[in-house]
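Welcome! Take a look at the structure below, and then we will walk through a few of its features together.

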Amino acid sequence: MAFSSRRGAGGWAQSLLPTTKSAAKQPRKPRKRTTAAFRDFLISNFFRIGLCFTFIFFLFILFRFAAVPKPLQFRSSTSRARSTRPRKPLVHKSPNHTILAAAVDVTTKELYDKIQFKDEDGGPWKQGWRVNYKGNEWDEEKLKVFVVPHSHNDPGWKLTVDEYYDRQSRHILDTIVETLSKDNRRKFIWEEMSYLEKWWRDASDVKKESFINLVQSGQLEIVGGGWVMNDEANSHYFAIIEQITEGNMWLNETVGVIPKNSWSIDPFGYSSTMAYLLRRMGFENMLIQRTHYELKKELALHKKLEYVWRQSWDTEESTDIFVHMMPFYSYDIPHTCGPEPAICCQFDFARMRGFVYERCPWGEHPVETDQENVKERALKLLDQYRKKSTLYRTNTLLIPLGDDFRYISIDEAEAQFRNYQLLFDYINSDPSLNTEAKFGTLDDYFHTLRDEAERINYSHTGEVGSSEIGGFPSLSGDFFTYADRNQDYWSGYYVSRPFFKAVDRVLEQTLRGAEMMMTFLLGYCQKAQCEKFPISFSYKLTSARRNLALFQHHDGVTGTAKDHVVEDYGTRMHMALLDLQVFMSKAIEVLLGIRHEKNDHHPANFEPAQTRSRYDVQPMHRAISAREGTLQTVVIFNPLEQTRNEVVMVVVERPDVTVLDSNWTCVKSQISPELKHDKNKIFTGKHRLYWKSSVPAMGLQTYYVANGFVGCEKAKPATLRLFSPSKQLSCPTHYSCSSLESDTVEISNQDQTLTFNVGHGLLQKISRKDGDVNIVGEEISMYSSTESGAYLFKPNGDAVPITQVGGEMVVSEGNLVKEVYSYPKTSWEKSPISHSTRIYNSESTIQEFVIEKEYHVELLGHNFNDKEMIVRYKTDINSKRIFYSDLNGFQMSRRETYDKIPLQGNYYPMPSLAFMQDPNGDRFSVHTRQSLGVASLKNGWLEIMLDRRLVRDDGRGLGQGVMDNRPMNVVFHIIVESNISSSSANPGSDSHPLSPSLLSHLIGSHLNYPLHMFIAKTPESISVQPPPRSFAPLAASLPCDLHVVSFKVPRPLKYSQQPNGEPKFALVLQRRHFDSSYCRKGRSQCLTMADEPVNLFDMFKGLAVLSAKATSINLLHEDTDILGYSEQFGAGALEGHIIISPMEIQAYKLQLQPHE
């Protein structure tokens, strides 16, 4: 059971709710303002209030005794108590209308507009000003100082997670348990579960018991409790949910506690998506640190460093979460006690002689505190505390006390605790100082702050504030791009190690698919025999979850670790991928009824169509041999929630093949030559076989690739046009070829025509069937950057185009797919890039609207040292240098290019999508399947960085450049859309946040959750027709704006031990908001929208949902009142109704049972 009751004096918070001291759970409610203010209000408005009551009484008499059709109905007194927060009424419709902007006091856009970014020297606090105080600020409300000891443990950075654990983290956890047990006044906080789980496996029972006792007594608080402290720029929201859930569930099962305060001191910028997810997981407070130093200064000047973070689309305050932003440069001790680091460093007692840490760089060093110097030292420290407290509204002050991998020994911990306790004792013993200082946890701080804010009204005049907590401003927006000093912007890590950023997303979608398959295997199973195979995979599934979670660390997916650490992350992800693919290869046999029983020891009869031989290489397509008289079975898994009609591809060794569906019916197909990045041998000799598939939602479909099947037309070869100034391209066998003679070439489908410059091999324009023409102006360029590193992007001027006239080009045109392949000529003998552009002839699929760009990038060798490669689209969209990029694949954020900040500061994260929009509504969108960096430096331009190779360290601690580049493919899906109504906002206005169109959402889903293809290991004789084989678990496709984030067994290791009546499955859903002024193309593929409730009980075929419970996104809270949701979520779930508003993510615990 979760430890969720409030402590007695001095312990950890006893409740998940800061607003009540009752041990029982109560709904979260708005804060009461001070009674004094209320009394003043009554006195000053006494006459008006009297008139109002008289008028209301008159109306009551009038309606009571007039001819009223029905008496007033009052709710029964037995109805369940609810939160007093205003709620949406319990309705059964939730239309996907235009989202309005939230009313807030501060937006990050307004901050950027206001700040001049002059980087002025502020004196001792270089990035601020000389802080002073009068001395009477604490006369009425004493200063309450909470010094919070902590140790920041990176799960991989300069060392691997295992190396750090063995050398440091295990000793730190041992130290914490031993030193806290000596004195109950000592406190500590811990964040990363990846290390705690390792320690727990090694620790003795006595140590484990001590640890639990420290947590229960409130001396030790687990903050955040994710597997790692995740990055917030590159991580996809699916992976963020996974890593927090994995950590929180392990913690709850092991220690019996659910965190409610988030501690995020080291990610390089912050996303509002994180605030949303934490709120919906039951978190109450957040702490953040690394935001732009100019923003910190501006917020500190107006005492807005503590605020309520609200989503930009939330007009009901349902997403509000309280945030503390640290004010200074770093989270180390010199930058946390106050504004003067030279003084604060003197109070980092681990820098005294005899310890391993660097001495104070300012020249004055810490000394042991004793009775001789305690007064002078205490007053010096208190002066810093007082100065820091003037930057905040309340007289409750937070002082972190720690750094990276601190408290590694008993001696070090004792030095800090011993010296500080002497200083506290002195400060507390002098009533004239009006200060109480002590060790505390994060919860001690937030609890005391909220109590003070209840007693004293700290609101500024005219503030919108929040009903979540009184006295603080509300804020919306995100905190990218981060700069820490000297106009150094951390936009490089958006792209560093892009190969592994791509592997991360492949692992995400593979894990999601494997979780679905395990859920169906167990859901449709009621016997111990059929449970054996999926349950035997539980350990590997858990390991895969944790390896994905580990890479979300803010030095993992960011690409900011040492080379051997990157190798460790990559190897872990590779092993997870292999395990998941083997499981899925076996699971499809069971789900299709090929084998009813299987276990982990039986070899799989299928293998993935794409496999990787090593952790650091691109996947290879397994080529189907297609010998005469044989067929090869291909099984396709659709991980999405709608039936999918899509052109698919496998590689075959012979071109004379035929495609059959599971009913043995002929399917039209196409073959094209397989191409590769090699100027001397562009054609590999193998062939790509394309056909249009149809795969049920979250289901499986079978196809056959046959050679010698009578009665079916063979795959139709594409026709080729070649441009080869080097004369090295010759026409491949089986194809008809002609030469390209003109300066431009076009390829067309039923929706659009693309025009290319033949000399440079680049896309010039898009002509649509409605007559509109859009200039694209594709350009491949490079920045030279002698100061960039893993973190920083610091180019020497603008990017320079690298393509020259005279490259190789292949134009392949078939009945399903048309492709232009370009191997450009550059100043290097071997081009660092080649690229393909594809369009699809495939009616009634979303593919017909997509332009698929695939860039093969090889930034290898010293020729490309200190180079950063981009692709730039120089369109005719009149965007005014405003564009939109996504935050974590969850929501869009408005971006504007500012002349007052350098080029690199105008780069932003692009985890999955960026678009520009014209005032007339024309929109140019680029979807990506991996996180990258994006900018719009001139009107109508959109540039995306593809890779970077950097020799030097950028001075942020890593101690190396980024030189371990790998060959890789970057895939974009580009769409150009026209507005069909006048409702879409002008991109220059701030009236409301913009959303992707429905078509854009669907294209993003198809790119990020591709079809999984499996090929039989051995061919079969063509003479025997197999029975039709497919698997369609859903009764119908889900609405097009409803996305299954995950469908999983949350506790696979405990599945067999769980009681039968307990829900063993979890379904997490997201309702996408889309811009309906672009609806036509998207809706043409859709049968339903989630405006009406979806019936959860009837969702599956042959599978009954016996019960559904609403829960938090981390699956740990069933009291939805504390999560900020409307009433209809929890009430609807009990009735089996999914009622979900646009933009929301909701989770359900399900009890499943197969129909008899």
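## The nonpolar cores

The largest nonpolar core has 259 residues, and Phe 211, Tyr 385 and Phe 972 touch the most other members. A nonpolar core here is a set of buried Ala, Val, Leu, Ile, Met, Phe, Trp, Tyr and Cys residues joined through side-chain atoms within 4.5 Å; buried means under 20% relative accessible area, with a 1.4 Å probe and protein chains only. Apart from this core lies another, of 31 residues, including Ile 636 and Tyr 823.

This is a predicted model, where local features need pLDDT of at least 70 and side-chain atom pairs count only at pLDDT 80 or more, while totals for chains, interfaces and linings use all residues. Residues are numbered from 1 along each chain as its sequence is written, and side-chain values use heavy atoms, leaving out hydrogens and water.

## Around Cys 712

Where is Cys 712 found? Look in the loop between strands β21 (700–706) and β22 (716–717); strands are DSSP runs of E, at least two residues long, numbered from the N terminus, and helices are runs of H or I, at least four.

Cys 712 is buried, with a relative accessible area of 11%. Not counting residues up to four places away in sequence, Cys 712 touches Thr 658, Leu 660 and Cys 666, where contact means heavy atoms within 4.5 Å.

## Two crossing helices

The axes of helix α11 (residues 374–389) and helix α12 (residues 410–429) come within 9 Å and cross at roughly 85°. Axes are lines fitted to C-alpha atoms, for helices over the stretch in contact, with angles from 0 to 180 degrees between N-to-C directions. The two helices, α11 and α12, are therefore roughly perpendicular to each other, a term for angles of 65 to 115 degrees.

Key
Buried < 20%, exposed > 50% of the residue type's maximum accessible area, 1.4 Å probe, protein only. Parallel < 35°, antiparallel > 145°, perpendicular 65-115°, else oblique.
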